Amino acid sequence: MTSSTTEMTAGDLAGAQPADDLPTPGPTVAGTLRHARRSARWQAVGWLVLAIAGLGAPWVISLYQLQLAQQAIVMGVLALSIGWLLRQTGQLSFGHAAFYGIAGYGTAYVAEHADLPIGLTLLTGIACGTLAALVVGLITIRVPGIAFAMLTLAIGMLVWVAGGQLHSITRGADGLNVQLEGSLLGKDVVMYGNPVEAWPVVWGVLMISMAVLWILSRSTWGRRLASIRDNEERMRFSGYATYWPRVLAFTVSGVLASVAGSLNLVTTSFISLNALFWSTSGLALIVAVIGGVRSVLGPPLGAVLFILLQNYLAGSGNHYQAVLGVVLIVMVLVAPGGFVEILERGFAALTSRIRIRRGVPGSSTPTHQTRGARRAEAR
Amino acid sequence: MFVQVLNGLAFGVLLLVLSSGLALIFGLRGVVNFAHGAIYMLAAYVALSISDRTSFWIALLTVPILLALAGLLIDRYGLRFLVGRTPLDMVLLTFGITFVVADVVQTVWGTEARTIDPPAVLAGTTDLGFATYPTYRLFVIAIGLLVCAGLMAWLKLSRTGLFVRASGDDRVTAGAMGVNVDRVSATVVALGFGLAGLAGVLAGPYLTLSPAMGTEILITTFIVVVVGGLGSIGGPMIAALLIGLVNALATVQAPTLAAYVPYLLMLVVLLLRPQGIAGRRTAL
Amino acid sequence: MLKLDDLTFAYGSVKAVNQVSLEVEKGSIHGLIGPNGAGKSTCIDLISGRLRPTAGTVHFGGLDITRMAGPRRRHIGIARSFQRISVYPELTVADQLDVAAHLVGEKDVDAVVAALSLEQCLPHTPAEIGYGEQRRVDIALALLGAPALVLLDEPAAGLSREESIALADHLAALVRERGMTVVLVEHHLEVVYRVCDRLTVLAQGAVIADGEPQQVRRDPQVMEAYLGRSAA
């Protein structure tokens with residue numbers, strides 16, 4: 001213990017009483033937290049800028065690129081759900097493909113067999129995936145560590161096997177072409193087959209998902225979840241029953257995986273058994289880790305990197321798997337915080353350089369701002 | 001019926017060789033090696049090339065050694081850096097290896113299914129009195145059981161085996177007692193990879209080689225290790241034979257349900273005694 | 001205030017705690033001492049709900065809490081610290097105290113922070129602060145919300161003699177002032193004799209002496225079982 005303890009005197013004890021005459025001198029808990037949250041405003045601004053700027057994408061990039069971006073976003077939302085669960089609860093799920101696939105198939109089934117408005121059809125699909133996540137969460141959430149990863153893997157595979165046997169509904173590996181009908185958000189849903197038409201919705205879903213998770217992480221509940229992740233037993237002895245909050249977190253993550261599943265169906269009108277296979281979860285997990293799970297920006301960023309990589313390597317013998325594997329290995333060894341961590345380090349190096357040449361602001365200022373916004377978003 | 005039992009036994013022995021490697025690595029490094037299936041697959045393909053050019057026997061000898069060396073390298077330049085990080089980082093690392101190996105296999109050997117011809121001595125069938133049975137499968141059963149008996153003896157009797165058990169129990173204490181944990185770990189990872197390699201070679205003339213073979217068997221191996229208890233060596237051995245048998249019998253008796261059986265088994269075991277797999281060391 | 005009746009806990013066939021009965025008076029600092037493996041920490045675990053007893057009962061303020069869940073015990077006023085420091089490794093001290101304070105309805109976290117001189121640690125994570133400071137964070141987590149009963153499991157473990165005494169004096173003053181009751185498990189006998197109002201001595205899971213510190217100190221049985229062994 002440092003000198004501070006030996007200096008503890010009756011004076012400190014006086015301070016221990018609820019002092020109503022003077023505010024307690026020195027740093028306070030609330031003050032420290034406020035200080036730590038300074039960046040929140042910049043992050044919110046960064047998000048807003050990104051959200052609005054992203055809407056303009058169809059005017060900037062080509063149709064093909066837009067199509068890729070759309071794929072990246074569907075994958076990004078799934079990665080976001082897995083990454084957020086990992087970050088917030090420390091639990092690694094290999095079973096999210098089940099929720100993704102169940103939502104997709106649920107939507108397809110309802111669209112074919114019931115005459116519901118398209119909005120309700122999609123909601124029903126998402127509800128199916130969410131319900132599955134709730135059930136899985138209820139039975140698995142107490143299981144610790146790697147056992148949880150394997151348990152979710154086993155459940156995911158059970159769903160996959162079941163999907164294979166329900167061939168009349170799923171059409172197996174050949175897949176199912178789904179004709180959605182009706183009007184969604186003022187447009188005929190068929191229009192969403194066109195990436196330009198679909199873009200505002202796709203982009204909006206991603207941005208809203210990021211915002212919701214960002215807010216949840218910072219809420220009282222989110223901080224409690226992080227505390228449970230850090231030390232579940234201590235949290236129980238701080239008077240918090242830890243079961244339901246974790247079930248809820250798993251379910252929230254399942255909602256997002258379901259949203260990704262429905263989004264996939266709306267934009268591609270196609271789903272196959274592959275959606276349920278564990279590699280769908282595995283790939284989304286890798287993407288999330290490469291992007292960085294510590295921020296809500298990481299998983300979508302990882303998905304974009306993945307799609308770019310896959311597309312870039314498609315011409316040269318399609319070695320994206322090997323490259324992806326190597327990237328993952330390098331990331332785990334060198335930058336466990338993922339690509340976002342690399343960006344942060346780069347930003348830190350940049351600011352220190354700017355600080356050295358403080359005399360010459362000029363052209364470096366705009367870079368500073370955009371990077372700042374991006375980094376703020378990354379936190 | 002006897003043939004079914006023997007089929008189950010042959011598959012069980014294969015699982016046994018694979019899962020003891022997985023269990024060893026888990027016990028010592030605390031790593032659930034997701035690359036285990038990929039290593040097995042790589043071994044089968046390398047054995048294909050070697051036995052095409054020379055003979056199956058040379059493949060049987062060299063491939064496990066080659067993969068053991070690969071294991072040494074992965075331990076030295078990968079896993080060792082991750083000691084003290086969460087077990088999930090190690091999972092992700094081995095997951096990355098899976099992707100690389102899958103790509104290598106597809107690039108070098110293509111995606112169509114292949115088979116290895118068993119050596120002439122083992123090609124036919126043997127009359128067991130009550131049934132005739134492919135000789136090669138009998139050979140797989142014999143070799144697998146021999147290797148596992150050897151492994152058990154090594155763990156029980158040798159000095160290194162004692163160290164393996166000691167540092168598997170408690171890294172810190174073992175380290176303090178003068179066990180060179182890093183060296184024991186390297187030995188064990190190499191051994192685990194070597195065993196996966198052996199399983200791959202053995203599987204070559206018996207099962208079909210395809211780029212999906214690694215993933216398929218990986219999940220079954222996980223199930224074996226989970227059911228048998230991660231961190232123990234004897235448990236998975238019994239579980240491997242059991243699951244091999246159940247698998248073979250269920251496929252014949254109730255083919256629709258057979259596909260569910262292993263996953264349900266894993267589910268039930270994990271829910272009822274997660275400590276069987278999680279043990280003391282894996283809890284996050 | 002707290003009453004244990006024939007409390008027993010068995011790990012398999014070994015009885016870690018064997019028919020322990022004792023009573024802790026409101027407002028007192030009750031020391032629980034004994035050689036290693038005497039069952040002191042197990043007692044704390046049984047009172048806090050970390051373990052369920054094999055037999056016997058625990059009453060708190062007249063309420064039978066033998067089978068009550070851990071989190072609920074915190075809300076009726078039983079808090080604890082841990083022998084192996086138990087804090088939240090990735091959260092800053094400010095964060096973890098704030099989260100815990102909200103849970104137990106503590107209005108004035110800063111008072112607890114000040115009482116344990118943790119101001120300078122607030123923006124740091126446990127890895128960035130000293131061992132003694134981590135201990136005090138653990139204790140602060142227990143003291144939040146002014147629980148009626150605080151179970152301190154070796155709060156001075158790993159500290160030097162001077163540090164232990166300073167911490168103990170300070171804790172004693174704090175809990176007396178706030179009217180808390182304390183069960184203190186501690187190895188440093190000097191600390192125990194200094195702050196405790198009453199002592200219970202355990203050996204091999206059973207109570208071998210109980211009474212005022214001066215009285216217990218002279219008990220020949222205690223000297224043999226406890227001091228004799230620890231001296232050896």
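Me: What makes strand β1 and strand β4 of chain C count as paired, and in which sense do they run?
Reply: This is a predicted model. In it, β1 (residues 2-11) and β4 (residues 55-60) of chain C share five bridges. The cut-off is at least two bridges, so the two strands pair. Their sense is antiparallel. Asp5(C) stands opposite Thr57(C) in β4(C).

Me: Why are β2 and β5 of chain C called edge strands?
Reply: The sheet is open, with four strands in the order β2-β1-β4-β5 (chain C) and antiparallel pairing. β2 (14-24) and β5 (63-64) of chain C each pair on one side only. That makes them the edge strands.

Me: What packs on this sheet, and which strands does it touch?
Reply: Helix α1 (residues 40-48) of chain C does, touching β1, β2 and β4 of chain C. The direction of α1(C) makes about 65° with that of β2(C).

Me: How do you know how α8(A) and α14(A) are packed?
Reply: Helix α8 (residues 118-140) and helix α14 (residues 243-268) of chain A have axes 8 Å apart, at an angle of about 145°. The crossing is right-handed. Among the residues that meet are Gly125(A), Gly129(A) and Ala133(A) in α8(A) and Gly254(A), Ser258(A) and Gly261(A) in α14(A).

Me: What classes of residue make up the contact of α8(A) with α14(A)?
Reply: It has 11 nonpolar, nine polar and no charged residues.

Me: Where do α7(A) and α9(A) meet?
Reply: The axes of α7 (residues 96-113) of chain A and α9(A) come within 7 Å and cross at roughly 35°. Ala97(A), Ala98(A), Gly101(A) and Ile102(A) of α7(A) make the contact with Ile155(A), Gly156(A), Val159(A) and Gly163(A) of α9(A). By class, that gives five nonpolar, three polar and no charged residues.

Me: How do you know that the span of α17(A) is close to the expected one?
Reply: α17(A) has 15 residues.

Me: Which residues of α17(A) are called buried, and what covers them?
Reply: The test is 20 or more other C-beta atoms within 10 Å. Residues of α17(A) that count as buried include Tyr320(A), Leu324(A), Leu328(A) and Met331(A). The cover includes α15, α16 (298-314) and α18 (338-356) of chain A, together with α4 (87-109) of chain B.

Me: Which elements of chain A touch chain B?
Reply: In this contact, 31 residues of chain A meet 37 residues of chain B. The elements of chain A that give two or more residues are α9 (145-165), α15 (278-291) and α17 (320-334). α9(A) gives the most, with 12 residues. The class count for this side of chain A is 24 nonpolar, seven polar and no charged.

Me: What makes up the side of chain A that touches chain C?
Reply: The contact takes 35 residues from chain A and 45 residues from chain C. Elements of chain A giving two or more residues are α1 (3-6), α2 (10-16), α3 (29-36), α12 (220-230) and α13 (232-237). The largest share, six residues, comes from α12(A). This side has 13 nonpolar, 15 polar and seven charged residues.

Conventions:
Residues numbered from 1 in each chain as written. Chains lettered and ligands numbered in written order. Predicted model: local features only at pLDDT ≥ 70, side-chain atom pairs only at ≥ 80, totals over all residues. Contact = placed C-beta atoms within 7 Å. Nonpolar A, V, L, I, M, F, W, Y, C, P; charged D, E, K, R; others polar. Axes fitted to C-alpha atoms, helices over the stretch in contact; angles between N-to-C directions. Left-handed = near helix turned anticlockwise from the far one by under 90°. Expected span 1.5 Å × (residues − 1). Buried ≥ 20, exposed ≤ 12 C-beta atoms within 10 Å, placed from the backbone.
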